[in-house]
Amino acid sequence: MNLKPGVGKTTSAVWLAHALYESGMPPLLVDGDPAASALRWSELANGFPFPVIALPVGDVHRRVNDFLGDRQAVVLDAPQLEDHPRIARSIMRYADEWIVPVTPAPIELDRMAPIRGEMADVQSLRAEPARSAVLLNRTNRPDATRTGPDADAREALTERGFEVLDTHIARLDLYAQSFGNPVQAKGSAYMDFAEELMKRQDEA
């Protein structure tokens, strides 16, 4: 989820879903964006090895379980909050964990204050609070460093009260150019992402 488009929500959702599948936890991928990018991606790739459904509706939280079956994982691709708040908030009401992809750039960090407000509003509607974390996306280096914009962004977000995942996603054509193509998550940062989320789930 994020306030704005173009931050890598769909790419993150699709790669995460493949990483979960390759980890032995076949997911349901829910495309909540009216643009249906995840669904279109699966079509262009001749299908994903798990179901993808389009639910760009304001009561996603009431409908997802009708399609879940015995699956233990659901990945929900939320639309941008600024244009589709009803759908995005409904997805947030359902999801146990909210992931906010953020590019380590000043303009992106500046947008985090209103996101915190949205989170607080939706938490008040939930029976149990959701976990939330920032995924640093399109970082400048493949490995975490102690200096530079990526490290500065991590520090700034932590100071503002956001939890930042250890995993980060480097700016690579492997991810940026993957739309419409089959995905293999093994060996990628998204496999680390999936493993970190599963660990967080176990700890919860």
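Where is the place of Pro104?

Modeller: Pro104 is placed in the loop between E4 and H6; helices (H or I, at least four residues) and strands (E, at least two) are DSSP runs, numbered from the N terminus. The model is predicted, so that local features need pLDDT of at least 70 and side-chain atom pairs count only at pLDDT 80 or more, while totals for chains, interfaces and linings use all residues. Residues are numbered from 1 along each chain as its sequence is written, and side-chain values use heavy atoms, with hydrogens and water left out.

Pro104 has a relative accessible area of 11% and is therefore buried; buried means under 20%, exposed over 50% and partly exposed in between, with a 1.4 Å probe and protein chains only. The C-alpha atom of Pro104 is separated by 31 Å from that of Glu43, 61 residues apart along the chain.

Glu108 belongs to helix H6, residues 106–110. With a relative accessible area of 14%, Glu108 is also buried. Apart from neighbours within four places in sequence, Glu108 is in contact (heavy atoms within 4.5 Å) with Val7, Val102 and Thr103.

Val102 is also touched by Val134, whose other partners include Val100, Met112, Leu157 and Phe162, not counting residues up to four places away in sequence. Val134 and Met1 have the most contacts inside the largest nonpolar core, which has 34 residues. Such a core is a set of buried Ala, Val, Leu, Ile, Met, Phe, Trp, Tyr and Cys residues joined through side-chain atoms within 4.5 Å. Two or more residues of this core come from each of strand E1 (27–31), helix H5 (85–94), strand E4 (97–102), helix H7 (112–123), strand E5 (131–139) and helix H8 (149–159). H5 gives the largest share, five residues. A second, separate core of 30 residues includes Leu16, Ala45, Val75 and Ala189. In soluble globular proteins, nonpolar side chains tend to be buried together.

Phe162, a partner of Val134, has the charged end of Arg116 over its ring, 4.3 Å from the ring centre. A charge sits over a ring if NZ of Lys or CZ of Arg is within 6 Å of the ring centre and within 35 degrees of the ring normal. Gly161 lies in the loop between H8 and strand E6 (164–170). Its relative accessibility is 54%, so Gly161 counts as exposed.

The axes of helix H1 (residues 9–22) and helix H10 (residues 189–203) come within 8 Å and cross at roughly 75 degrees. These axes are lines fitted to C-alpha atoms, for helices over the stretch in contact, with angles from 0 to 180 degrees between N-to-C directions. H1 and H10 are therefore roughly perpendicular, a term for 65 to 115 degrees; under 35 counts as roughly parallel, over 145 as roughly antiparallel and the rest as oblique.

Two loop residues complete the account. Ala36, in the loop between E1 and helix H2 (37–44), has a positive phi of about 55 degrees although it is not a glycine. Asn46, in the loop between H2 and strand E2 (52–54), likewise has a positive phi, near 60 degrees. Most residues other than glycine have a negative phi. Ala36 is partly exposed at 22% relative accessible area, whereas Asn46, at 74%, counts as exposed.
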